[in-house]
Amino acid sequence: MLDRLNEAMERIEERLAGTVDAAELAAVAMTSEHHFRRLFSALAGMPLSEYVRRRRLTVAGAEVVTGRRTLLDIATDHGYGSGESFARAFRAFHGVGPGEARRTGAALCSQSRLSFRLTVEGSSTMRYRVVEKGAFAVVGKKTRAPLVHVGVNPALATFVRGIDRGVLDRIAELGDQEPAGVVGVTDDLDPSRAEGTAFTYYHGVVTSASPPDDLDRLTVPAGTWAVFAYSGAFPEALQYLWRDVFTQWFPANPYRTRPGPELLRVELSDDGRQAEAELWVPVEADGAGVRGW
């Protein structure tokens, strides 16, 4: 797997002056584009698109200060449609415009090339099970919210507090299958998982029942789910669980993500600082993984 990811990194460098196609990179890594984007984000700590942007502006910065080509030629070769758009992006990354950088020799920023290496830790064992589940529905109340990587998500906390107690009781009565109880469901996640990107959140139950008109419904097709059990601090360590799933579990197992919502069942302690939880992630068998990922 690591060799294929590093081949994909080499392909990015070859394509910086043209179009970097995520589908092509996924093919090099022998996985799906959906899984490649999410795996890259987890491993690199930034979305694929952000890494490509930073690498392009790093290379462009070196060309700007050499003074051998016009700024417009450099902008065009790095995918910018005009000198103005290039100047804006250049200033946002380097903190100085390209013209000023050329005149003054100002210090510029640099995004190093990424490569992936294996680190053997073995400090923890992840508890998981794989479940084949028929089609079901999530019924409850929904909202749109920005993604928050660490700490409480204020938008979601406000939304959940605003749901009437009587409505929550009616929702809870509709649940008739696992994961049992009221769950938090994230859907329409941006593949980059960049902080601040919007997603749809459902606070509801998993059910086969038809919802009343005042409740929202998400229909989920049959498929395979990896279910991860967790016990510990809330919410920080629970958010780290998602990171560990992508940086530790997926590279070690013959599965990849597939499009679909993620389900999280959480039982909090009385003081709200500890949690018992299950995270359900939609997965499919990865042929590349079976051959040696």
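The protein carries 34 positive and 38 negative side chains, and the centres of the two sets lie 5 Å apart. Here Lys and Arg count as positive and Asp and Glu as negative, with His and the chain ends not counted; the place of a charge is taken as NZ of Lys, CZ of Arg, CG of Asp or CD of Glu.

The structure is a predicted model, in which local features need pLDDT of at least 70 and side-chain atom pairs count only at pLDDT 80 or more, while totals for chains, interfaces and linings use all residues. Residues are numbered from 1 along each chain as its sequence is written, and side-chain values use heavy atoms, with hydrogens and water left out.

Eleven helices and nine strands make up the secondary structure of the protein; helices (H or I, at least four residues) and strands (E, at least two) are DSSP runs, numbered from the N terminus. The C-alpha trace spans about 70 × 45 × 35 Å along its principal axes. The accessible surface comes to about 14600 Å², and 50% of this belongs to carbon and sulfur atoms (Shrake-Rupley method with a 1.4 Å probe; for residues, only the protein chains shown count as cover). Of the 293 residues, 43% are buried, a term that stands for under 20% relative accessible area, as against exposed for over 50% and partly exposed in between (1.4 Å probe, protein chains only). Where contacts (heavy atoms within 4.5 Å) join residues at least 6 apart in sequence, 73% of them link residues at least 24 apart.

The mean pLDDT, the predictor's confidence in each residue from 0 to 100, is 85 for the protein, and 93% of the residues score at least 70.

Helix α3 (residues 33–44) contains Ser-41. This helix has twelve residues and reaches 16 Å from its first C-alpha to its last, close to the 16 Å expected at 1.5 Å a residue (1.5 Å times one less than the number of residues). Its buried residues include His-35, Phe-36, Leu-39 and Phe-40. Ser-41 counts as buried because its relative accessibility is 9%. Leaving aside neighbours within four places in sequence, Ser-41 is in contact with Met-46, Pro-47, Ser-192 and Arg-193. Gly-45, which follows α3, has a positive phi near 80°.
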